[in-house]
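I opened my notebook and started looking things up, one entry at a time. Come along with me.

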Amino acid sequence: MSFINASYFDHLAFGIYPYIAFAVMLIGSWVRYDREQYSWKTSSSQLLEKKQLRRGSIPFHIGILAILGGHAVGLLTPAEVWHLLGISAAFKQMIAMGVGGFFGLICLYGLVILLKRRLTNPRVRASSNPMDIALLWLLLAQLLLGLTSIFVSAGHMDGSEMLKLMAWAQNTVTFDSAEAVAAMQGVHWIFKAHIVLGMTLFVVFPFSRLVHMLSVPLQYIRRPHQIVRQRFVR
């Protein structure tokens, strides 16, 4: 019975849930942008407090962007490409553990500051909605799972677990859910929890301030310089 339950959970969590999460993210983001454009923003609280925001935001964004880029390249690049580059699965795992751990700690440092600021600064707390706080807790849980998975990976340095995760991600992208589910058989529970929580972040994406990730202000690169003159008071 436990095997049946585990198999059902794997099918639901790794064969079906990813597509539900992506669908909610895409459709929800489109609906929000179409109907509530005034809410499509970061809702920055910089005017309420600057010092702690700057101290936490910079390392958080550096860390999270590096982590997202590393996950995308590491999971979606076929193993054959790594072999052609002369990079073995074991060596790739070692790089992922080192680089991921480094940027993960940078991100954790910034995130803890942002969470503490959000919870303890009266003015910032008063301007926060429940999703703002819940999102920070979700990001913290996801980050801690990712950092903890490094210690799990250290127990099998052959890269076999990482190859399973790569197979899951690549088969999910190619809509081969059966192979994706099969790839997750026997994977440590902490990796499974990391994936499920990651998919959950896609679900909450259109209902949170994360939507600002889709609005990179590229137009500012081509915008003419603005001349700002200082006002002299007599």
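**Confidence.** I checked pLDDT, the predictor's confidence in each residue, from 0 to 100. The protein averages 88, and 87% of the residues score at least 70.

**Ground rules.** This is a predicted model, where local features need pLDDT of at least 70 and side-chain atom pairs count only at pLDDT 80 or more, while totals for chains, interfaces and linings use all residues. Residues are numbered from 1 along each chain as its sequence is written, and side-chain values use heavy atoms, with hydrogens and water left out. Helices (H or I, at least four residues) are DSSP runs, numbered from the N terminus.

**α2 and α7.** I looked up how helix α2 (residues 51–76) packs with helix α7 (residues 160–173): the angle is about 90° and the axes are 8 Å apart. Axes are lines fitted to C-alpha atoms over the stretch in contact, and angles run from 0 to 180 degrees between N-to-C directions. The two helices are therefore roughly perpendicular (65 to 115 degrees). Gly74, Leu75 and Leu76 of α2 meet α7 residues including Leu165 and Met166, with contact meaning heavy atoms within 4.5 Å.

**α4 and α7.** Next I followed helix α4 (residues 89–120), whose axis comes within 9 Å of that of α7 and crosses at roughly 85°. On the α4 side I found Ala89, Lys92 and Gln93; on the α7 side, Met162, Leu163 and Met166.

**α6.** What is the distance between the end C-alpha atoms of helix α6 (residues 130–153)? I found 35 Å, which agrees with the 34 Å that its 24 residues should span at 1.5 Å a residue (1.5 Å times one less than the number of residues).

Definitions and conventions. Parallel < 35°, antiparallel > 145°, perpendicular 65-115°, else oblique.
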